[in-house]
Amino acid sequence: MADTVWVLGDQLNRRIGALGGIEPGDATVLLVESGAKLAGARHRQRTHLVVTAMRRFAAELAEAGFDVDLRSAPTLADGLRDHRRAHEPSQVRATEPNSHAARTLMAREGVATVRSDQFLCHPSEFAGWADGRAGRRLRMEDFYRWQRTRLGYLMDGDEPAGGRWNFDTENRRPPPKHANPWPDPVRSRLDEVDRSVLAEIGPAGFGADPVGWWPTSRRQALARLRHAIEVVLPMFGPHEDVIVERSWHVAHTLLSPALNIGLLLPDEVAEAAEVAYREGRVPIASAEGFIRQIIGWREYVWGTYWREMPGYGERNALGAHAPLPAAFTDPSATEMRCVSHAAEGLHDRGWLHHIQRLMVFANLSTLAGVEPKAVVRWMTDSFVDGDEWVMLPNLIGMGLHADGGQMATKPYVSGGRYLDRMTDHCGSCRYDPTKRAGDDACPYTSLYWDFLDRHRARFAKNARMAQAVRGIDRISDLPAVKARARDVRRGLADGTI
Ligand SMILES: Cc1cc2nc3c(=O)[nH]c(=O)nc-3n(C[C@H](O)[C@H](O)[C@H](O)COP(=O)(O)OP(=O)(O)OC[C@H]3O[C@@H](n4cnc5c(N)ncnc54)[C@H](O)[C@@H]3O)c2cc1C
(Lines give C-alpha, C1' and ligand atoms only; values in the text may rest on other atoms or scores of the structure.)
Protein backbone atom coordinates (compact mmCIF):
# COMPACT_ATOMS: atom_id res chain seq x y z
CA MET A 1 0.00 0.00 0.00
CA ALA A 2 1.77 3.11 -1.27
CA ASP A 3 1.02 6.65 -0.15
CA THR A 4 -0.97 8.92 -2.39
CA VAL A 5 -0.19 12.53 -3.19
CA TRP A 6 -3.32 14.34 -4.37
CA VAL A 7 -2.60 17.25 -6.72
CA LEU A 8 -5.33 19.83 -7.37
CA GLY A 9 -5.80 21.54 -10.73
CA ASP A 10 -4.15 24.79 -9.59
CA GLN A 11 -1.03 23.09 -8.16
CA LEU A 12 0.47 21.71 -11.35
CA ASN A 13 4.15 21.88 -10.48
CA ARG A 14 6.60 19.21 -9.36
CA ARG A 15 8.49 21.63 -7.16
CA ILE A 16 5.77 22.52 -4.66
CA GLY A 17 4.53 21.14 -1.33
CA ALA A 18 3.66 17.45 -1.22
CA LEU A 19 5.16 16.74 -4.68
CA GLY A 20 8.43 18.55 -3.95
CA GLY A 21 11.29 16.13 -3.46
CA ILE A 22 9.37 12.90 -4.07
CA GLU A 23 10.56 10.42 -6.69
CA PRO A 24 8.69 7.84 -8.78
CA GLY A 25 7.93 4.87 -6.51
CA ASP A 26 7.53 7.05 -3.41
CA ALA A 27 3.82 7.66 -3.96
CA THR A 28 0.95 7.37 -6.40
CA VAL A 29 -0.15 10.76 -7.75
CA LEU A 30 -3.89 11.38 -7.85
CA LEU A 31 -5.56 14.04 -10.02
CA VAL A 32 -9.36 14.33 -10.06
CA GLU A 33 -11.24 16.02 -12.88
CA SER A 34 -14.49 17.19 -11.41
CA GLY A 35 -17.43 16.66 -13.78
CA ALA A 36 -19.31 19.48 -12.06
CA LYS A 37 -16.58 21.89 -13.15
CA LEU A 38 -16.38 20.51 -16.69
CA ALA A 39 -20.09 21.13 -17.22
CA GLY A 40 -20.22 24.37 -15.24
CA ALA A 41 -20.98 27.96 -16.17
CA ARG A 42 -17.37 29.11 -16.39
CA HIS A 43 -15.65 30.55 -19.43
CA ARG A 44 -14.90 27.72 -21.86
CA GLN A 45 -11.26 28.82 -22.04
CA ARG A 46 -10.91 28.46 -18.26
CA THR A 47 -12.36 24.95 -18.25
CA HIS A 48 -10.20 24.03 -21.22
CA LEU A 49 -7.09 25.54 -19.57
CA VAL A 50 -7.40 23.66 -16.31
CA VAL A 51 -8.49 20.28 -17.71
CA THR A 52 -5.90 20.30 -20.51
CA ALA A 53 -3.11 21.39 -18.16
CA MET A 54 -4.06 18.62 -15.70
CA ARG A 55 -3.95 16.01 -18.46
CA ARG A 56 -0.59 17.23 -19.74
CA PHE A 57 0.82 17.33 -16.22
CA ALA A 58 -0.42 13.79 -15.53
CA ALA A 59 1.25 12.63 -18.77
CA GLU A 60 4.53 14.34 -17.82
CA LEU A 61 4.52 12.65 -14.41
CA ALA A 62 3.76 9.26 -15.97
CA GLU A 63 6.58 9.77 -18.44
CA ALA A 64 8.91 10.52 -15.55
CA GLY A 65 7.98 7.11 -14.06
CA PHE A 66 5.27 8.06 -11.56
CA ASP A 67 2.25 5.88 -10.98
CA VAL A 68 -0.54 8.36 -11.85
CA ASP A 69 -4.26 8.01 -11.23
CA LEU A 70 -6.01 10.66 -13.34
CA ARG A 71 -9.72 10.11 -12.90
CA SER A 72 -13.02 11.85 -13.56
CA ALA A 73 -15.77 11.94 -10.97
CA PRO A 74 -18.87 14.05 -10.36
CA THR A 75 -17.07 15.92 -7.54
CA LEU A 76 -13.58 16.05 -6.02
CA ALA A 77 -14.77 14.13 -2.94
CA ASP A 78 -16.25 11.38 -5.14
CA GLY A 79 -12.95 11.09 -7.01
CA LEU A 80 -11.02 10.74 -3.76
CA ARG A 81 -13.37 8.07 -2.45
CA ASP A 82 -13.15 6.11 -5.74
CA HIS A 83 -9.36 6.33 -5.60
CA ARG A 84 -9.24 5.12 -2.00
CA ARG A 85 -11.46 2.18 -2.90
CA ALA A 86 -9.35 1.21 -5.91
CA HIS A 87 -5.85 1.84 -4.48
CA GLU A 88 -6.24 1.54 -0.69
CA PRO A 89 -3.43 4.01 0.02
CA SER A 90 -1.92 4.00 3.52
CA GLN A 91 -2.17 7.78 3.56
CA VAL A 92 -3.41 10.53 1.24
CA ARG A 93 -1.62 13.83 1.49
CA ALA A 94 -1.79 17.05 -0.49
CA THR A 95 -0.22 20.46 -0.67
CA GLU A 96 -2.32 22.97 1.31
CA PRO A 97 -5.03 23.99 -1.19
CA ASN A 98 -5.41 27.54 -2.48
CA SER A 99 -9.05 27.97 -1.49
CA HIS A 100 -10.87 27.91 1.80
CA ALA A 101 -13.45 25.45 0.45
CA ALA A 102 -10.78 22.96 -0.68
CA ARG A 103 -9.00 23.15 2.69
CA THR A 104 -12.31 22.37 4.40
CA LEU A 105 -12.79 19.43 2.05
CA MET A 106 -9.31 18.06 2.79
CA ALA A 107 -9.91 18.28 6.54
CA ARG A 108 -13.32 16.61 6.21
CA GLU A 109 -11.95 13.77 4.08
CA GLY A 110 -8.96 13.07 6.35
CA VAL A 111 -6.32 14.20 3.85
CA ALA A 112 -3.04 15.27 5.48
CA THR A 113 -1.75 18.59 4.16
CA VAL A 114 1.82 19.67 3.55
CA ARG A 115 2.77 23.36 3.89
CA SER A 116 2.48 25.11 0.54
CA ASP A 117 5.40 26.99 -0.96
CA GLN A 118 3.52 27.89 -4.14
CA PHE A 119 3.56 31.53 -2.97
CA LEU A 120 6.45 33.55 -1.60
CA CYS A 121 4.69 34.52 1.62
CA HIS A 122 2.86 31.81 3.53
CA PRO A 123 -0.38 32.99 5.23
CA SER A 124 1.29 32.42 8.60
CA GLU A 125 4.16 34.75 7.59
CA PHE A 126 1.65 37.33 6.36
CA ALA A 127 -0.20 37.06 9.69
CA GLY A 128 3.12 37.63 11.49
CA TRP A 129 3.76 40.77 9.43
CA ALA A 130 0.20 42.03 9.90
CA ASP A 131 0.08 41.31 13.65
CA GLY A 132 3.38 43.13 14.07
CA ARG A 133 1.79 46.31 12.76
CA ALA A 134 -0.41 46.65 15.85
CA GLY A 135 -3.39 48.74 14.76
CA ARG A 136 -1.67 50.41 11.81
CA ARG A 137 -3.05 50.04 8.28
CA LEU A 138 -1.90 47.00 6.31
CA ARG A 139 -0.61 48.99 3.38
CA MET A 140 0.53 47.13 0.27
CA GLU A 141 3.52 49.45 -0.09
CA ASP A 142 4.76 48.54 3.43
CA PHE A 143 4.23 44.84 2.76
CA TYR A 144 6.08 45.13 -0.55
CA ARG A 145 9.14 46.76 1.05
CA TRP A 146 9.13 44.08 3.73
CA GLN A 147 9.00 41.40 1.03
CA ARG A 148 11.82 43.03 -0.95
CA THR A 149 14.02 43.28 2.10
CA ARG A 150 13.46 39.78 3.41
CA LEU A 151 13.52 38.07 -0.02
CA GLY A 152 16.31 40.25 -1.42
CA TYR A 153 14.77 41.19 -4.79
CA LEU A 154 16.18 44.38 -6.34
CA MET A 155 18.28 45.15 -3.29
CA ASP A 156 21.80 46.58 -3.21
CA GLY A 157 22.74 45.68 0.33
CA ASP A 158 20.13 47.34 2.53
CA GLU A 159 19.14 49.85 -0.14
CA PRO A 160 16.62 49.48 -2.99
CA ALA A 161 18.25 49.13 -6.42
CA GLY A 162 18.20 52.42 -8.30
CA GLY A 163 17.91 54.33 -5.02
CA ARG A 164 14.09 54.24 -4.79
CA TRP A 165 11.52 51.65 -3.71
CA ASN A 166 8.92 52.70 -6.23
CA PHE A 167 9.15 54.12 -9.75
CA ASP A 168 5.42 54.39 -10.28
CA THR A 169 5.52 58.12 -10.97
CA GLU A 170 7.23 57.25 -14.26
CA ASN A 171 4.24 55.10 -15.23
CA ARG A 172 0.58 56.11 -15.62
CA ARG A 173 1.12 57.93 -18.93
CA PRO A 174 -1.91 58.46 -21.17
CA PRO A 175 -2.05 56.37 -24.35
CA PRO A 176 0.01 57.41 -27.38
CA LYS A 177 -2.24 58.83 -30.12
CA HIS A 178 -1.66 56.23 -32.82
CA ALA A 179 1.41 54.04 -32.20
CA ASN A 180 1.00 50.34 -31.54
CA PRO A 181 4.43 49.35 -30.19
CA TRP A 182 3.22 46.46 -28.03
CA PRO A 183 4.47 43.05 -29.17
CA ASP A 184 2.11 40.24 -30.16
CA PRO A 185 1.75 37.58 -27.46
CA VAL A 186 2.99 34.00 -27.91
CA ARG A 187 0.37 31.63 -29.22
CA SER A 188 0.42 27.81 -29.20
CA ARG A 189 -1.05 25.59 -31.86
CA LEU A 190 -3.89 23.43 -30.49
CA ASP A 191 -3.25 19.68 -30.63
CA GLU A 192 -5.16 16.42 -30.10
CA VAL A 193 -5.29 16.87 -26.32
CA ASP A 194 -6.84 20.32 -26.69
CA ARG A 195 -9.35 19.06 -29.22
CA SER A 196 -10.46 16.09 -27.14
CA VAL A 197 -10.93 18.30 -24.06
CA LEU A 198 -13.01 20.74 -26.11
CA ALA A 199 -15.12 17.89 -27.47
CA GLU A 200 -15.83 16.77 -23.89
CA ILE A 201 -16.72 20.28 -22.77
CA GLY A 202 -19.21 20.43 -25.65
CA PRO A 203 -21.45 23.50 -25.60
CA ALA A 204 -21.13 24.06 -21.84
CA GLY A 205 -20.00 27.38 -20.41
CA PHE A 206 -19.62 30.88 -21.69
CA GLY A 207 -17.33 32.52 -24.26
CA ALA A 208 -15.39 31.63 -27.37
CA ASP A 209 -13.24 28.54 -27.86
CA PRO A 210 -9.52 28.87 -27.12
CA VAL A 211 -7.13 29.75 -29.93
CA GLY A 212 -3.88 29.13 -28.08
CA TRP A 213 -3.22 32.23 -25.98
CA TRP A 214 -3.16 30.42 -22.62
CA PRO A 215 -0.36 27.91 -21.95
CA THR A 216 -1.45 24.45 -20.88
CA SER A 217 1.96 22.89 -20.13
CA ARG A 218 5.11 23.84 -18.30
CA ARG A 219 6.97 24.04 -21.61
CA GLN A 220 4.41 26.43 -23.10
CA ALA A 221 4.42 28.49 -19.90
CA LEU A 222 8.22 28.84 -19.95
CA ALA A 223 8.02 30.09 -23.55
CA ARG A 224 5.55 32.79 -22.33
CA LEU A 225 7.89 33.71 -19.48
CA ARG A 226 10.87 34.12 -21.83
CA HIS A 227 8.78 36.30 -24.14
CA ALA A 228 7.45 38.33 -21.19
CA ILE A 229 10.93 39.06 -19.88
CA GLU A 230 12.82 39.60 -23.13
CA VAL A 231 10.18 41.33 -25.25
CA VAL A 232 7.40 42.75 -23.06
CA LEU A 233 9.20 43.76 -19.87
CA PRO A 234 11.38 46.49 -21.42
CA MET A 235 8.06 48.25 -22.20
CA PHE A 236 6.29 47.40 -18.94
CA GLY A 237 5.14 50.39 -16.94
CA PRO A 238 4.52 53.62 -18.84
CA HIS A 239 1.24 52.43 -20.35
CA GLU A 240 0.16 50.15 -17.52
CA ASP A 241 -3.03 52.16 -16.99
CA VAL A 242 -4.18 52.73 -20.56
CA ILE A 243 -6.89 51.06 -22.63
CA VAL A 244 -6.63 51.21 -26.42
CA GLU A 245 -8.86 49.46 -28.92
CA ARG A 246 -5.88 48.62 -31.16
CA SER A 247 -4.20 46.37 -28.55
CA TRP A 248 -5.98 44.00 -26.16
CA HIS A 249 -2.82 43.27 -24.18
CA VAL A 250 -0.78 46.53 -24.32
CA ALA A 251 2.48 45.78 -22.37
CA HIS A 252 1.00 43.33 -19.89
CA THR A 253 2.72 39.98 -19.57
CA LEU A 254 -0.36 37.68 -19.67
CA LEU A 255 1.29 35.43 -17.08
CA SER A 256 -1.57 35.27 -14.55
CA PRO A 257 -3.28 32.10 -15.89
CA ALA A 258 0.02 30.14 -15.84
CA LEU A 259 0.97 31.49 -12.41
CA ASN A 260 -2.41 30.74 -10.89
CA ILE A 261 -2.42 27.06 -11.82
CA GLY A 262 1.22 26.45 -10.90
CA LEU A 263 2.74 26.17 -14.38
CA LEU A 264 4.97 29.06 -13.30
CA LEU A 265 6.09 29.93 -9.80
CA PRO A 266 6.48 33.51 -8.55
CA ASP A 267 10.14 33.18 -7.53
CA GLU A 268 11.29 32.13 -10.99
CA VAL A 269 9.26 34.94 -12.57
CA ALA A 270 10.64 37.62 -10.23
CA GLU A 271 14.18 36.23 -10.57
CA ALA A 272 14.01 36.34 -14.36
CA ALA A 273 13.01 40.02 -14.19
CA GLU A 274 15.80 40.79 -11.74
CA VAL A 275 18.43 39.09 -13.96
CA ALA A 276 17.18 41.04 -17.00
CA TYR A 277 17.60 44.29 -15.05
CA ARG A 278 21.04 43.39 -13.69
CA GLU A 279 22.21 42.50 -17.21
CA GLY A 280 21.02 45.88 -18.49
CA ARG A 281 18.22 44.54 -20.70
CA VAL A 282 15.37 46.16 -18.77
CA PRO A 283 15.19 49.64 -17.18
CA ILE A 284 14.80 49.82 -13.42
CA ALA A 285 11.31 51.43 -13.63
CA SER A 286 9.98 48.46 -15.63
CA ALA A 287 11.72 45.79 -13.54
CA GLU A 288 10.61 47.41 -10.29
CA GLY A 289 7.01 47.89 -11.49
CA PHE A 290 6.77 44.26 -12.55
CA ILE A 291 8.44 42.78 -9.47
CA ARG A 292 6.06 44.89 -7.35
CA GLN A 293 3.14 43.13 -9.07
CA ILE A 294 4.59 39.68 -8.42
CA ILE A 295 6.09 39.85 -4.93
CA GLY A 296 3.95 42.79 -3.78
CA TRP A 297 0.38 42.90 -5.09
CA ARG A 298 -0.03 39.21 -5.82
CA GLU A 299 1.26 38.09 -2.43
CA TYR A 300 -0.55 40.86 -0.56
CA VAL A 301 -3.80 39.77 -2.12
CA TRP A 302 -3.05 36.13 -1.23
CA GLY A 303 -2.29 37.03 2.39
CA THR A 304 -5.37 39.25 2.64
CA TYR A 305 -7.60 36.43 1.40
CA TRP A 306 -6.48 34.07 4.15
CA ARG A 307 -6.63 36.76 6.80
CA GLU A 308 -10.22 37.62 5.90
CA MET A 309 -11.64 34.16 5.23
CA PRO A 310 -14.23 32.85 5.84
CA GLY A 311 -16.90 35.47 5.35
CA TYR A 312 -14.90 37.83 3.14
CA GLY A 313 -17.24 37.29 0.17
CA GLU A 314 -20.24 38.40 2.26
CA ARG A 315 -19.03 41.98 2.80
CA ASN A 316 -21.18 44.77 1.41
CA ALA A 317 -20.20 47.94 3.26
CA LEU A 318 -21.86 50.30 0.78
CA GLY A 319 -25.18 48.42 0.93
CA ALA A 320 -25.15 47.74 -2.82
CA HIS A 321 -28.01 45.60 -4.13
CA ALA A 322 -28.47 46.44 -7.83
CA PRO A 323 -28.42 43.54 -10.32
CA LEU A 324 -25.49 42.83 -12.62
CA PRO A 325 -25.63 45.10 -15.72
CA ALA A 326 -26.91 43.17 -18.74
CA ALA A 327 -23.95 44.40 -20.82
CA PHE A 328 -21.43 42.55 -18.63
CA THR A 329 -22.49 39.29 -20.27
CA ASP A 330 -23.88 40.67 -23.53
CA PRO A 331 -21.82 43.36 -25.31
CA SER A 332 -24.77 44.20 -27.55
CA ALA A 333 -26.78 45.32 -24.49
CA THR A 334 -25.05 48.71 -24.29
CA GLU A 335 -23.93 51.64 -26.40
CA MET A 336 -21.18 52.47 -23.90
CA ARG A 337 -18.11 51.85 -26.04
CA CYS A 338 -15.74 51.04 -23.16
CA VAL A 339 -18.12 48.48 -21.67
CA SER A 340 -19.05 46.73 -24.92
CA HIS A 341 -15.38 46.60 -25.96
CA ALA A 342 -14.33 45.05 -22.64
CA ALA A 343 -17.25 42.60 -22.67
CA GLU A 344 -16.29 41.52 -26.21
CA GLY A 345 -12.69 40.93 -25.10
CA LEU A 346 -13.90 38.90 -22.17
CA HIS A 347 -16.08 36.74 -24.39
CA ASP A 348 -13.26 36.21 -26.91
CA ARG A 349 -10.34 35.55 -24.54
CA GLY A 350 -11.58 35.26 -20.94
CA TRP A 351 -8.96 37.84 -20.00
CA LEU A 352 -8.75 41.62 -19.65
CA HIS A 353 -5.92 43.67 -18.33
CA HIS A 354 -5.99 45.24 -14.91
CA ILE A 355 -7.36 48.62 -15.91
CA GLN A 356 -10.30 47.21 -17.83
CA ARG A 357 -11.18 45.08 -14.82
CA LEU A 358 -10.84 48.04 -12.48
CA MET A 359 -11.72 51.20 -14.39
CA VAL A 360 -14.45 49.81 -16.64
CA PHE A 361 -16.15 46.98 -14.74
CA ALA A 362 -15.40 47.45 -11.03
CA ASN A 363 -15.78 51.23 -11.28
CA LEU A 364 -19.17 50.97 -13.00
CA SER A 365 -20.31 48.32 -10.50
CA THR A 366 -19.39 50.51 -7.52
CA LEU A 367 -20.95 53.63 -9.02
CA ALA A 368 -24.18 51.83 -9.93
CA GLY A 369 -24.32 49.99 -6.59
CA VAL A 370 -24.22 46.47 -8.00
CA GLU A 371 -24.35 43.73 -5.37
CA PRO A 372 -20.73 42.66 -4.68
CA LYS A 373 -21.60 38.96 -4.60
CA ALA A 374 -23.10 39.18 -8.10
CA VAL A 375 -19.96 40.90 -9.42
CA VAL A 376 -17.68 38.32 -7.78
CA ARG A 377 -19.71 35.41 -9.18
CA TRP A 378 -19.76 36.88 -12.69
CA MET A 379 -16.04 37.73 -12.73
CA THR A 380 -15.02 34.36 -11.30
CA ASP A 381 -17.03 32.61 -14.00
CA SER A 382 -15.78 34.86 -16.80
CA PHE A 383 -12.00 35.06 -16.36
CA VAL A 384 -9.41 32.40 -17.24
CA ASP A 385 -7.37 33.43 -14.20
CA GLY A 386 -10.36 33.80 -11.86
CA ASP A 387 -9.59 32.12 -8.55
CA GLU A 388 -11.36 32.98 -5.32
CA TRP A 389 -8.15 33.97 -3.46
CA VAL A 390 -7.33 36.64 -6.04
CA MET A 391 -10.85 37.68 -7.02
CA LEU A 392 -12.16 38.44 -3.52
CA PRO A 393 -9.48 40.93 -2.39
CA ASN A 394 -9.36 42.58 -5.80
CA LEU A 395 -13.12 43.08 -5.79
CA ILE A 396 -14.33 43.17 -2.18
CA GLY A 397 -11.25 45.14 -1.10
CA MET A 398 -9.93 47.09 -4.05
CA GLY A 399 -12.56 47.30 -6.79
CA LEU A 400 -15.88 47.62 -4.96
CA HIS A 401 -14.95 49.07 -1.56
CA ALA A 402 -17.21 46.41 -0.06
CA ASP A 403 -14.86 45.97 2.91
CA GLY A 404 -15.54 49.58 3.92
CA GLY A 405 -12.01 50.80 3.25
CA GLN A 406 -9.94 48.17 4.99
CA MET A 407 -7.76 47.50 1.96
CA ALA A 408 -7.98 50.77 0.02
CA THR A 409 -8.40 54.08 1.82
CA LYS A 410 -10.76 55.37 -0.85
CA PRO A 411 -13.12 53.76 -3.35
CA TYR A 412 -11.76 53.39 -6.87
CA VAL A 413 -14.34 55.57 -8.61
CA SER A 414 -14.10 57.98 -11.48
CA GLY A 415 -16.35 59.74 -13.91
CA GLY A 416 -16.14 59.67 -17.70
CA ARG A 417 -13.46 62.35 -17.98
CA TYR A 418 -10.82 60.07 -16.45
CA LEU A 419 -11.85 57.26 -18.79
CA ASP A 420 -11.50 59.70 -21.66
CA ARG A 421 -7.96 60.55 -20.53
CA MET A 422 -6.79 56.95 -20.17
CA THR A 423 -8.66 55.26 -23.05
CA ASP A 424 -9.37 55.87 -26.73
CA HIS A 425 -13.04 54.84 -26.49
CA CYS A 426 -14.84 58.12 -25.91
CA GLY A 427 -14.29 59.56 -29.40
CA SER A 428 -16.41 56.80 -30.94
CA CYS A 429 -18.96 56.54 -28.12
CA ARG A 430 -22.50 57.87 -28.24
CA TYR A 431 -22.12 59.30 -24.72
CA ASP A 432 -20.25 62.48 -23.81
CA PRO A 433 -17.83 62.14 -20.86
CA THR A 434 -18.04 65.86 -20.09
CA LYS A 435 -21.83 65.81 -19.62
CA ARG A 436 -23.48 64.71 -16.38
CA ALA A 437 -27.17 65.22 -17.21
CA GLY A 438 -29.30 64.56 -20.27
CA ASP A 439 -29.70 61.57 -22.58
CA ASP A 440 -26.19 61.78 -24.02
CA ALA A 441 -24.41 62.21 -20.66
CA CYS A 442 -21.77 59.56 -20.04
CA PRO A 443 -23.24 57.06 -17.54
CA TYR A 444 -19.96 57.08 -15.55
CA THR A 445 -20.14 60.85 -15.13
CA SER A 446 -23.79 60.94 -14.01
CA LEU A 447 -23.31 57.97 -11.69
CA TYR A 448 -20.11 59.44 -10.23
CA TRP A 449 -21.85 62.56 -8.90
CA ASP A 450 -24.84 60.53 -7.79
CA PHE A 451 -22.51 58.11 -5.93
CA LEU A 452 -20.76 60.96 -4.10
CA ASP A 453 -24.13 62.44 -3.15
CA ARG A 454 -25.56 59.10 -1.97
CA HIS A 455 -22.47 58.40 0.16
CA ARG A 456 -21.77 61.99 1.15
CA ALA A 457 -21.88 61.30 4.90
CA ARG A 458 -19.52 58.33 4.66
CA PHE A 459 -16.86 60.06 2.55
CA ALA A 460 -17.01 63.69 3.72
CA LYS A 461 -14.49 62.95 6.46
CA ASN A 462 -12.24 60.83 4.24
CA ALA A 463 -9.13 62.96 3.57
CA ARG A 464 -8.74 61.55 0.05
CA MET A 465 -12.42 62.01 -0.85
CA ALA A 466 -13.43 65.18 0.98
CA GLN A 467 -12.55 67.54 -1.86
CA ALA A 468 -14.53 65.49 -4.39
CA VAL A 469 -17.51 65.36 -2.00
CA ARG A 470 -17.41 69.15 -1.53
CA GLY A 471 -17.57 69.43 -5.34
CA ILE A 472 -21.23 68.33 -5.22
CA ASP A 473 -22.16 71.63 -3.60
CA ARG A 474 -20.96 73.46 -6.69
CA ILE A 475 -23.26 71.46 -8.97
CA SER A 476 -26.30 73.56 -9.79
CA ASP A 477 -28.15 70.82 -11.72
CA LEU A 478 -27.89 68.03 -9.12
CA PRO A 479 -31.61 67.03 -9.42
CA ALA A 480 -31.17 66.55 -13.18
CA VAL A 481 -27.95 64.57 -12.60
CA LYS A 482 -29.70 62.31 -10.10
CA ALA A 483 -32.62 61.79 -12.46
CA ARG A 484 -30.17 60.81 -15.18
CA ALA A 485 -28.38 58.45 -12.75
CA ARG A 486 -31.71 56.74 -12.01
CA ASP A 487 -32.31 56.23 -15.74
CA VAL A 488 -28.77 54.92 -16.15
CA ARG A 489 -29.20 52.38 -13.35
CA ARG A 490 -32.45 51.17 -14.91
CA GLY A 491 -30.82 51.06 -18.35
CA LEU A 492 -27.86 49.06 -17.05
CA ALA A 493 -30.16 46.49 -15.50
CA ASP A 494 -32.34 46.02 -18.57
CA GLY A 495 -29.66 46.52 -21.22
CA THR A 496 -30.96 49.75 -22.76
CA ILE A 497 -28.20 52.24 -22.01
C1 LIG B 1 -11.40 43.78 -10.23
C2 LIG B 1 -10.16 42.96 -10.44
C3 LIG B 1 -10.24 41.58 -10.55
C4 LIG B 1 -9.08 40.82 -10.71
N5 LIG B 1 -9.19 39.47 -10.79
C6 LIG B 1 -8.08 38.72 -10.94
C7 LIG B 1 -8.17 37.31 -11.04
O8 LIG B 1 -9.24 36.74 -10.97
N9 LIG B 1 -7.02 36.61 -11.21
C10 LIG B 1 -5.81 37.22 -11.28
O11 LIG B 1 -4.80 36.53 -11.41
N12 LIG B 1 -5.69 38.53 -11.18
C13 LIG B 1 -6.79 39.31 -11.02
N14 LIG B 1 -6.67 40.66 -10.93
C15 LIG B 1 -5.34 41.27 -10.92
C16 LIG B 1 -4.79 41.68 -12.30
O17 LIG B 1 -5.74 42.43 -12.99
C18 LIG B 1 -4.38 40.46 -13.13
O19 LIG B 1 -3.53 39.63 -12.38
C20 LIG B 1 -3.65 40.90 -14.40
O21 LIG B 1 -4.48 41.72 -15.17
C22 LIG B 1 -3.21 39.68 -15.17
O23 LIG B 1 -2.62 40.06 -16.37
P24 LIG B 1 -1.05 40.00 -16.60
O25 LIG B 1 -0.56 38.65 -16.22
O26 LIG B 1 -0.77 40.48 -17.96
O27 LIG B 1 -0.54 41.04 -15.53
P28 LIG B 1 0.70 42.03 -15.52
O29 LIG B 1 0.18 43.41 -15.61
O30 LIG B 1 1.73 41.63 -16.51
O31 LIG B 1 1.25 41.81 -14.04
C32 LIG B 1 2.12 40.71 -13.72
C33 LIG B 1 1.52 39.80 -12.68
O34 LIG B 1 1.33 40.47 -11.46
C35 LIG B 1 0.29 39.84 -10.72
N36 LIG B 1 -0.66 40.87 -10.28
C37 LIG B 1 -0.69 42.16 -10.66
N38 LIG B 1 -1.66 42.83 -10.01
C39 LIG B 1 -2.27 41.93 -9.22
C40 LIG B 1 -3.36 42.01 -8.32
N41 LIG B 1 -4.02 43.15 -8.09
N42 LIG B 1 -3.73 40.89 -7.70
C43 LIG B 1 -3.07 39.73 -7.91
N44 LIG B 1 -2.04 39.60 -8.75
C45 LIG B 1 -1.65 40.69 -9.40
C46 LIG B 1 -0.37 38.84 -11.64
O47 LIG B 1 0.06 37.55 -11.28
C48 LIG B 1 0.16 39.21 -13.02
O49 LIG B 1 0.29 38.08 -13.84
C50 LIG B 1 -7.82 41.45 -10.77
C51 LIG B 1 -7.76 42.83 -10.66
C52 LIG B 1 -8.90 43.58 -10.50
C53 LIG B 1 -8.79 45.06 -10.37
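The model is predicted. It is divided into domain 1 (3-114), domain 2 (123-181 + 213-307) and domain 3 (314-494). The second largest pocket lies between domain 1 and domain 3, because both give residues to its lining. Domain 1 also makes a contact with domain 2, to which domain 1 gives 20 residues and domain 2 gives 16 residues.

**Contact between domain 1 and domain 2**

- The C-alpha centres of domain 1 and domain 2 are 29 Å apart.
- The contact draws on 20 residues of domain 1 and 16 residues of domain 2.
- The size of an interface is often given as the accessible area lost when the parts come together.
- For domain 1 and domain 2, the area buried between them is about 1500 Å², and carbon and sulfur atoms account for 59% of it.
- On the domain 1 side, 32% of the area buried against domain 2 comes from N13, R15 and L49, more than from any other three residues.
- One salt bridge is counted between domain 1 and domain 2.
- R15 forms a salt bridge with D267, with 2.5 Å between the closest N and O atoms.
- R15 is also one of the three residues, with N13 and L49, that supply 32% of the area domain 1 buries against domain 2.

**Second largest pocket**

- The second largest pocket holds about 1100 Å³ of space.
- Its lining is made up of 40 residues, and K37, R42, R46, S99 and D387 are the closest to the pocket centre.
- Elements giving two or more residues to this lining are β2 (27-34), α1 (35-38), α2 (44-63), α4 (100-108), α14 (372-382) and α15 (388-399).
- By class, the lining of the second largest pocket has 19 nonpolar, 10 polar and 11 charged residues.
- Domain 1 (3-114) and domain 3 (314-494) both contribute to the lining, so the second largest pocket is placed between these two domains.

**Cavities**

- Rolling a probe the size of a water molecule over the atoms shows where empty space is left.
- In the whole structure, seven cavities of 30 Å³ or more are found.
- The largest cavity contains about 110 Å³ of space.
- The largest cavity is lined by 14 residues, of which P185, V186, H227, T253 and L254 are the closest to its centre.
- The lining of the largest cavity divides into nine nonpolar, four polar and one charged residues.

How values were computed:
Residues numbered from 1 in each chain as written. Predicted model: local features only at pLDDT ≥ 70, side-chain atom pairs only at ≥ 80, totals over all residues. Heavy atoms only, no water. 1 Å grid on protein atoms, 1.4 Å probe; cavity = no way out; pocket = protein on both sides within 12 Å on 5 of 7 lines; lining within 4 Å. Points joined across faces, edges and corners; volume = space filled by probe spheres on them. Helix = DSSP H or I, 4+ residues; strand = E, 2+ residues; numbered from the N terminus. Nonpolar A, V, L, I, M, F, W, Y, C, P; charged D, E, K, R; others polar. Domains from an automatic or database assignment. Contact = heavy atoms within 4.5 Å. Buried area = accessible area lost by both parts, 1.4 Å probe. Salt bridge = Lys/Arg side-chain N within 4 Å of Asp/Glu carboxyl O.
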